[in-house]
Amino acid sequence: MGIQEIATVTGLSKSTVSRALRGMENVAETTIDEVRRVADELGYVPSSAAAGLATGRQRAVGVVVPVIDRWFYVKALGGVDAELRRAGYDLVLYNLGGPGGDRDRAFRRSMLRHRVDALVLLSLVLDATERAELELTRHPMIVIGGPAPGLRNIGVDDRAVTRIAVDHLCGLGHRRVAYVGGQDEAGMNVAVPHLRRDGFVDAMRAAGHAVPDRWLLDGRFSFAGGLAAGNALFGGRAGAGAGAGAGAGLDRPTAVLCASDEMALGVLLAAGQAGLSVPGDVSVIGIDGHEYGATVGLTTVAQDPEAQGRAAARAVLAEVDGGAAGAIVAAPAHLVVRGTTGPPRG
């Protein structure tokens, strides 16, 4: 149902109907009342663009994601959407499609300037051109995930979460700990992998334990990458069988810390394929709090990306409504001990 149908019923021109729906001063009150009555009877719902002409707002927030098939992004997006719906705002999704996608579509053209009132960026670092384009919009902006220079962000302290995991493993008596991290090829904030790895190395050094370079592996922040890294650590499926890990145990870590639960799930599979018991032969801990981790009993340092999404939406909406940009504190994270970590054997 559109303006033309209202114009047909009332006998008014489309331009007069449009002005009446917006309550403009050059339209008689009786005409406004008549148009709105007919609009209600016909079930007319004004578009966000038309409403923006009257209020100066689109009542929509743009959310830019690197890809849409990762657990963190899906959860954070759900939190943003829930908060926007509660406030009567629409969500406009811009999927960059990973490294092979078209960032130009979102950043170097004008569509962001005219369709939204604010922007939420998920785990993105912007180049100078992208920053300049977005600054022209004067929209409130916030990043969910790792830090982005010059922009507010909400997320966990990535160095701290690995320190929590290291403290747990060292408290159990582990001294030989490997790390699975690496870059997310699908477009994660590049700072996150580095911060988590640095946090791990620094925490191990502070505890007095060296980490050989061969125990710092690239798991690409994916299940498949974690499986490949686990195979590299444990000797792959060729070593499967009773006691397979015994001979290699002198050069095998007693624990593996993974920078994401998705990688940790892959490492768990690799351990099983190599004939290793968890946590008897090797302990495994992840980071994030993925629901699949709870299913398999994975110890993890959990965060709540849905709550981060809600907080980010509230922050930009407050600015849209004229409020000041408030300070953002680090999102909470906490250790969840389950069945994949225990004391080292012997």
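Biologist: How many bridges pair β1 with β2, and in which sense?
Modeller: Strand β1 (residues 60–65) and strand β2 (residues 90–95) pair over 6 bridges, in the parallel sense. Two strands pair if DSSP finds at least two bridges between them. Helices (H or I, at least four residues) and strands (E, at least two) are DSSP runs, numbered from the N terminus. This is a predicted model, so local features need pLDDT of at least 70, side-chain atom pairs count only at pLDDT 80 or more, and totals for chains, interfaces and linings use all residues. Residues are numbered from 1 along each chain as its sequence is written, and side-chain values use heavy atoms, with hydrogens and water left out.

Biologist: What is the bridge partner of V64 in β2?
Modeller: Y94 is the bridge partner of V64.

Biologist: How does the chain cross from β1 to β2?
Modeller: Through helix α5 (residues 71–86). This β-α-β crossover is right-handed: with the strands pointing away from the viewer, the path from the first strand over the helix to the second runs clockwise.

Biologist: And how many bridges join β1 to β3?
Modeller: 4 bridges, with strand β3 (residues 118–122) running parallel to β1. A118 in β3 stands opposite V61.

Biologist: Is β1 buried or exposed?
Modeller: 6 of the 6 residues of β1 are buried, so the strand is largely enclosed by the rest of the structure. Buried means under 20% relative accessible area, exposed over 50%, partly exposed in between (1.4 Å probe, protein chains only).

Biologist: Which residues sit on which face of β1?
Modeller: A60, G62 and V64 are on one side, and V61, V63 and V65 are on the other. Both faces are covered. In a regular strand the side chains alternate between the two faces of the sheet.

Biologist: Switching to rings. How many aromatic pairs are there?
Modeller: The count is 2. Rings of Phe, Tyr and Trp (its six-membered ring) pair if their centres lie within 6.5 Å; planes under 30 degrees apart count as stacked, over 60 as edge-to-face and the rest as tilted. F72 and Y73 are edge-to-face, because their planes are at 85 degrees, with ring centres 6.2 Å apart. Both F72 and Y73 are buried.

Biologist: What about Y179 and F200?
Modeller: That pair is stacked, because the planes are at 20 degrees; the centres are 4.9 Å apart. Y179 lies in strand β6 and F200 in helix α10, so the pair ties together parts that are 21 residues apart in sequence. Y179 is buried at 1% relative accessible area, and F200 is buried at 0%.

Biologist: What else is buried in α10?
Modeller: The buried residues include A191, V192, P193 and R196, as well as G199, V201, A203 and M204. Their cover includes α9 (158–171), β6 (177–181) and β7 (216–218).

Biologist: What span should α10 have?
Modeller: 22 Å, because α10 (residues 191–206) has 16 residues at 1.5 Å a residue; the end C-alpha atoms are 22 Å apart, which agrees. The expected span is 1.5 Å times one less than the number of residues. Just after α10, G208 takes a positive phi of about 85 degrees.

Biologist: What does D158 touch?
Modeller: G146, V192, L195 and R196, not counting residues up to four places away in sequence. Contact means heavy atoms within 4.5 Å. D158 lies in helix α9 and is buried, at 5% relative accessible area.
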